[in-house]
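Subject: Structure handover

Hello,

Here is the structure you asked for.

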Amino acid sequence: MLKKIVKTALVSLSCIATLGVINAYVFVPEIQRQGELVAYRGGGSLVNYDKLGKTGCNAISLKESNVKTVENTLEAVASSIAAGANVIHLNVHRTSDDQLVVFHDWTLDCATNGTGPVHKSSFEQLEAVDAGYGYTFDDGSTFPFRGRGFAISKLEEFYKRYPKHEFWLNLKNNDIRSFDTFYTYISGKKSNHVVITSSKGIEWFRSKDSSLRLASVNSVKSCGIDYLLVGWAGIVPESCRNTILLIPPSMAKYFWGYPGRLASRLQKHGSDIYLWSKHEPIAESYSKVVASGVGVVTSDLAFIRAAQANKRVN
């Protein structure tokens, strides 16, 4: 009797596994669109992340390069768009006078010649700051962006210049007033958006508009873990729907169906997959996956140019 039960269970598991494999590798939807090139923080210099782990400040953790712009500035975005980026990723703060400005750090002290938290500053105070003041490649021996006119700008300035581009907006504030100010603003825009926020923010924005594409650190982790568990069967878990999945390039090989099958399945459920390179250089060989529906988030201008050229070929 026991042998019969075990045999039946093994046959059942075998059938489930077979159906899963067939579903994963035979019934694959067509790719709806090629991958997008996302200008991380609008662009800017490459970062030494080992050093950043010790300093906690991007501005003093740069790698020496030929980049001539500062992240989250109009100049950085212009360089990224010229190279071929299709999507603009920016960090956004609400100021003390309810303006939305583009800047990464919580405080002004490291990257600029200002002091104090961004959210406690008015826009008038912020626009007077030198946004390139603290950036250095060599531990403070030189400051190549100081006095070059880099400024903290309103989010509106980016929309005015690039009204047809998609924006990924990382809202740094985590309070209801900021959520409301931000939502009121983006609701009046025709551009496509991905809103990157906290878990608290995701709940708030979802209650306002279920069609918004939302992401947080926790949501990206949940999607990645859930897909690793069930993706082999061609299943897209609920956590991976109407969102974005960000994967470090070195981890991509562990995700079932990467690149094309994974991209097509996520696209069918309103989501997209991106290689998450940030302010690090990325091998040009990865540019080929863009044609398979996989996007790349990077500030590496050489890579963006190569990937855009590869898209045109395909």
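A disulfide here is a pair of cysteine sulfur atoms within 2.5 Å. This is a predicted model, in which local features need pLDDT of at least 70 and side-chain atom pairs count only at pLDDT 80 or more, while totals for chains, interfaces and linings use all residues. Residues are numbered from 1 along each chain as its sequence is written, and side-chain values use heavy atoms, with hydrogens and water left out.

Disulfides

Searching the whole structure gives two disulfides. Cys57 is bonded to Cys110, with an S to S distance of 1.5 Å. This link is left-handed, at -90 degrees about the S-S bond. The two cysteines are 53 residues apart: Cys57 sits in the loop between helix 2 (49–55) and helix 3 (74–83), and Cys110 in the loop between strand 3 (100–102) and helix 4 (123–126). Helices (H or I, at least four residues) and strands (E, at least two) are DSSP runs, numbered from the N terminus. Cys57 is buried at 5% relative accessible area, whereas Cys110 is partly exposed at 25%. Buried means under 20% relative accessible area, exposed over 50%, and partly exposed in between (1.4 Å probe, protein chains only).

The other pair is Cys223 and Cys240, with S to S 2.1 Å. Their link is right-handed, at 115 degrees about the S-S bond. Cys223 lies in helix 8 (residues 217–230) and Cys240 in the loop between helix 8 and strand 7, so the bond ties together parts 17 residues apart in sequence. Both of these cysteines, Cys223 and Cys240, are buried.

Surface

Met251 is in the loop between strand 7 (244–247) and helix 9 (260–268). Met251 is partly exposed, with a relative accessible area of 37%.

Regards
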